[in-house]
Amino acid sequence: MNIDHDLPSNVGVDPKSLLNIIKELDKCFCHSIMILRHDKIICEGWWKPYNQNYPHVLFSLSKTFLATAVCFAVQENLISFDDFVIKFFPEYFPSLPCENMQKVQIKHLLTMSYGRNVDLDPDFYYRKDWLEENLHPYLYNEPGTKFCYDNRCPYIISVILKKVTGMTALDYLDSRLFKHLGIEKPFWEEKNGYNIGRSGLNLKTEDVAKFGLFLLHKGNY
C-alpha cells in the first residue's frame, strides 16, 4: 500500500516554499524529507547515502508506536489505563514497595509522571537487568503529579505488553498495524527479550508517513 503523489500547486502549496525548506534542511545533516498535503505526497527526497528503502532509527518517535500498541491492548480488554503496574510483576514484589510505587498506573507510565526523579538516579542503560533497575526505585513524587522525561517508562510498558499478549510490542503491532499499512520488515531493538520501547524502531520514511495518516484519521487509512 503506497501513498499517492500530487503536485504542490494542485493542493495550494507554493513549490518555492518547499524549496526553501529543503535548502534549510540541507544544512542540518538531514536523512530524508516527505511532506504530505490532503493525504498525498507533494515533496520527498533523501540525502546520500540514504534512499527510499533505507530503514531509519526513529529514536523517540518509537514511543508513539508503543503507545499505539497499548491502545490496541486496551481495545482488546487485555489491560486498562488504570491498571496498577505492580500487579504485572508479582515475582519482583514479594513484599509491597514504597507507597508511591503502589499507586503507579499504566497511564502514569504513558505520561511519564510515575514519580521518579531522574536527576537523582544513576543511568540505567548500562545495567544488566533493566526491569530490576526500573521497578525498585524510591519514588519521590506521587504518580500523576509531576512530569519527568524518563525512558524507563516505555521499557516497563513494553514488558507489560509482552506479559499480557505473549508477544513483543513489534510482533503485536505487526498483525494489527504494520501489515494493514503495508509496512514490511520493521525492526525494533531489544533488551532482555523485550523491545526497548523508548527508541530502536527502524522504519522507512514512507512508513512513518503512513503511520501519520493513520493517526490523523483516527485509525482509518
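Contact here means heavy atoms within 4.5 Å, and helices (H or I, at least four residues) and strands (E, at least two) are DSSP runs numbered from the N terminus. This is a predicted model, where local features need pLDDT of at least 70, side-chain atom pairs count only at pLDDT 80 or more, and totals for chains, interfaces and linings use all residues. Residues are numbered from 1 along each chain as its sequence is written, and side-chain values use heavy atoms, with hydrogens and water left out.

**View A. Helix α8 and what it packs on.** The buried residues of α8 pack against β1, β2, β3, α2, α7 and β7. Buried means under 20% relative accessible area, exposed over 50% and partly exposed in between (1.4 Å probe, protein chains only). On α8, the buried set is Thr205, Glu206, Asp207, Ala209, Lys210, Phe211, Leu213 and Phe214. The end C-alpha atoms of α8 are 17 Å apart, which agrees with the 16 Å that its 12 residues should span at 1.5 Å a residue (the expected span is 1.5 Å times one less than the number of residues).

View B. Strands β1 (residues 32-37) and β2 (residues 40-46) pair in the antiparallel sense over six bridges; two strands count as paired if DSSP finds at least two bridges between them. Look for Ser32 opposite Trp46 in β2. Two residues sit between the strands, and His38 in the turn has a positive phi of about 55 degrees.

View C. Three strands run in the order β3-β7-β4, with antiparallel pairing. The edges are β3 (56-57) and β4 (187-188), each pairing on one side only. Between β3 and β7 there are two bridges, and His56 stands opposite Leu203 in β7.

**View D. α2 crossing α7.** The axes of these two helices come within 10 Å and cross at roughly 75 degrees. Axes are lines fitted to C-alpha atoms, for helices over the stretch in contact, with angles from 0 to 180 degrees between N-to-C directions. α2 and α7 are therefore roughly perpendicular, a label that covers 65 to 115 degrees. From α2, Phe65, Leu66, Thr68, Ala69, Phe72 and Ala73 meet Ala169, Tyr172, Leu173, Arg176, Leu177 and Phe178 in α7.

**View E. Phe89 in the core.** Phe65 and Phe89 have the most contacts inside the largest nonpolar core, which has 47 residues. Such a core is a set of buried Ala, Val, Leu, Ile, Met, Phe, Trp, Tyr and Cys residues joined through side-chain atoms within 4.5 Å. Leaving out residues up to four places away in sequence, Phe89 touches Leu131, Leu135, Ile156, Val159, Ile160 and Lys163.

Methods:
Angles under 35 degrees count as roughly parallel, over 145 as roughly antiparallel, 65 to 115 as roughly perpendicular and the rest as oblique.
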